[in-house]
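Please give a short briefing on this model for a reader who is new to it.

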Amino acid sequence: MLNHPNPPTLKMCLISNRQNDGRTYNMPNASEVAALVVEDIDMSFNVRDIIVEKHSGKLQRINELHASYLLLQYPVLFPFGEDGYRDDIEHKDETLRATKTKKRLSMREFFSYRLMTRLHEISTLLYASRLLQQFIVDGYTMIESQRLLWVRTHQKELRVDLYQGLADAVISVETNAATIGKRIILPSSFIGGARYMMQNYQDAMAIYRSEGYSNLFLTFTCNPAWPEIQRFCRKHSVKPCDRPDMLARIFKIKLDRLMKSIKEEKVFGTIRAG
């Protein structure tokens, strides 16, 4: 800074009262990484704008299924240039005997393999802290985009013509087919979709109608202070937020144990419906 003989006097005038929460733009308190999906989900949803520069200086656009995408996106995690996911990776013969009809590796199986801890292998990925969180979020968006693309391109197999609602369009005097558009129907097996949520709601209402309302409502959440999580973090010198994969696994184990206690040990009594 320059020393000025007569420094100016700065004043601030508040011209209006605060209408919003002043903590909106505070620094985050938790170590979290999130993905932001812009605009609607259409045919270009699964097409990322990934551009690489060749040695010749020319630019080339590649797909997220390119074998070099992950190692170019995360050079610290893949210092030896290992190939990323490709849609032509085949299962081993031992796996084929178990899966029988599933011959190729899915994207979800690929990322599950990368996130698995192995006794005789040191994984740089699992000790990457926030970069690991980014890798997991990136992998989730890739898996979700591929699932949505499959649903969009297999509408005939899903028999969505039964849900198009053409009769409603005719009743509303909408006779111009160009203005109706094409609807993409998500199956009820798509987790998080409208039909998935509605199906669960209808199942719950059917149970209430048959057996009556429930008298217990349990909420089960993950606590980073659990002794299993603390022992794991001390052993590997990491924080709980650095290993979201391990938090999810421990949470699933405890959730299954809770459900077993409720169903088999009947800690709350005999279950009438579920």
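Helices here are DSSP runs of H or I with at least four residues, numbered from the N terminus. This is a predicted model, in which local features need pLDDT of at least 70 and side-chain atom pairs count only at pLDDT 80 or more, while totals for chains, interfaces and linings use all residues. Residues are numbered from 1 along each chain as its sequence is written, and side-chain values use heavy atoms, with hydrogens and water left out.

**Helix H7**
- Helix H7, residues 194-211, has 18 residues and reaches 26 Å from its first C-alpha to its last, close to the 26 Å expected when 1.5 Å is multiplied by one less than the number of residues.
- Just after H7, Gly212 takes a positive phi of about 95°.

**Cavity**
- The structure holds 1 cavity of 30 Å³ or more, a cavity being a set of points on a 1 Å grid over the protein atoms alone where a 1.4 Å probe fits but cannot get out, and its volume being the space filled by probe spheres set on the points, which are joined across faces, edges and corners.
- Lining residues, which have an atom within 4 Å of a point, include Phe232, Lys239 and Met246 for the largest cavity, and helix H8 (227-236) gives the most to this lining, with 3 residues.

Conventions: On a 1 Å grid over the protein atoms alone, a cavity is a set of points where a 1.4 Å probe fits but cannot get out, and a pocket is an open set with protein on both sides within 12 Å along at least five of seven lines; lining residues have an atom within 4 Å of a point. Helices (H or I, at least four residues) and strands (E, at least two) are DSSP runs, numbered from the N terminus.
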